[in-house]
Amino acid sequence: MSDYQKLILDRVKGRINEWLETLKQKAPELLLTRQWRIVWPGGFKQGQNTMPVITSCKDGEYLIGEIQLVLPPSLELDLEAVELVLKEEPYKGTGKVQSVPSINDPLDLLNDLVAGINSFLSGMPLQPMAMPDSEHHSVIAPLKVQPLSGQPTVLSDQHVALKEQIAKSPHLPEWFKSIESKDVAQAVLSKLAEGYAQYNLRKGYTTPLSEYFEDYTEVLLKQNKLHQHCPYKGRGVEMDYQGHCKEAFCSKKPHNAPCPVPHLRFGALEPS
């Protein structure tokens, strides 16, 4: 789906930008913003697909166009069949507001992380131990690690060393740093150490912690277990695939650039 999104976006963005500038001159009282977005479907389907193109104005969201396309049974996209219909009217969406469900029980957080690591590791092929192919990789001794739902069986000194290495790492993810409960943080740290040991075994060499955190964070995002939290707004916010915040009229949001303010926290943005 992400490939289709990029192809469609590249095809229509020039015309959308031109039309938006025309609307801003035509109706300056609306205070239209240039931070427009496409409301993508949950998945493309056979037949007619319609995607609203909206931006923000002083009264809320404003519809500036619709992307229309028809997909054959093969679901193969024909870019020549993608049509942009220009609009200029208030946007009537679903009326649903994004909210972040609270995690009342710290164990929910830990269970989500354990399930995420298990899923993450199960999808990796197991590589035989081999000599490193670069100076950045070093051979590790095999470590016996139980599934993450059980107690760690890594030798205690190795396990403690891994925990200390992770805790002191400058690449430690923001979503881990945001865990408020010390007990949960220590339990999560233990699971991360087990996961890192298994990750290295499956790779066949010792990988940088930055790579492990990056790969695992990407999996958590795909599983909808993380959300972008904005400390300025004091709540979760939506970001597009380019890292641009979708909030309207925010003084912290840079123009047409990724916003550096939000950071990842546990939980998922869901319709309230």
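**Entry 1**

I began with proline 73, which is found in the loop between S3 and S4. Helices and strands here are DSSP runs, H or I of at least four residues for helices and E of at least two for strands, numbered from the N terminus. The model is predicted, so I kept in mind that local features need pLDDT of at least 70 and side-chain atom pairs pLDDT 80 or more, while totals for chains, interfaces and linings use all residues. Residues are numbered from 1 along each chain as its sequence is written, and side-chain values use heavy atoms, with hydrogens and water left out.

I looked up the accessibility of proline 73 and found a relative accessible area of 64%, so the residue is exposed. The scale I used is: buried under 20% relative accessible area, exposed over 50%, partly exposed in between, with a 1.4 Å probe and protein chains only. I also checked a contact in space: proline 73 and glutamine 46 are separated by 27 residues in sequence, yet their C-alpha atoms are 5.5 Å apart.

**Entry 2: the open sheet**

I then traced the sheet, an open one of four strands in the order S1-S2-S3-S4 with antiparallel pairing. S1 (37–38) and S4 (83–90) are the edge strands with a single partner strand each, so one side of each has no neighbour in the sheet. Two strands count as paired if DSSP finds at least two bridges between them.

S1 pairs with S2 (residues 47–57) in the antiparallel sense over two bridges. I noted that isoleucine 38 has valine 53 in S2 as its bridge partner. S2 and S3 (residues 60–71) are antiparallel over 11 bridges, and a hairpin connects S2 to S3 through two residues. Across this pairing, threonine 50 has glutamine 68 in S3 as its bridge partner. I recorded S2 as mostly covered, with eight of its 11 residues buried.

**Entry 3: strand S6 and its partners**

I moved on to S6 (residues 226–230). Four of its five residues are buried, so the strand is largely enclosed by the rest of the structure. S6 pairs with S8 (residues 263–266) in the antiparallel sense over four bridges, and histidine 229 stands opposite histidine 263 in S8.

S6 also pairs with S7 (residues 235–237), again antiparallel, over three bridges. There, cysteine 230 has arginine 235 in S7 as its bridge partner. The hairpin of S6 and S7 has four residues between the strands, and glycine 234 in this hairpin takes a positive phi near 75 degrees.

**Entry 4: cysteines**

How many disulfides does a search of the whole structure find? I found zero, a disulfide being a pair of cysteine sulfur atoms within 2.5 Å. Cysteine 230 is buried, with a relative accessible area of 5%. For cysteine 259, the closest cysteine sulfur is that of cysteine 245 at 5.7 Å, which is too far for a bond. Cysteine 259 counts as buried at 12% relative accessibility.

**Entry 5: aromatic pairs**

I next examined the aromatic rings. A pair of rings is described by the distance of the centres and the angle of the planes. The rule takes rings of Phe, Tyr and Trp (its six-membered ring) with centres within 6.5 Å; planes under 30 degrees apart count as stacked, over 60 as edge-to-face and the rest as tilted. By this rule I counted five aromatic pairs.

In another, tyrosine 199 and tyrosine 212 have ring centres 5.2 Å apart and planes at 55 degrees, so I classed the pair as tilted. Tyrosine 199 lies in H5 (residues 182–203) and tyrosine 212 in H6, 13 residues apart. Tyrosine 199 is buried at a relative accessible area of 0%, and tyrosine 212 is buried at 1%. Finally, I noted that ring pairs link Tyr196, Tyr199, Tyr212 and Phe213 into a cluster.
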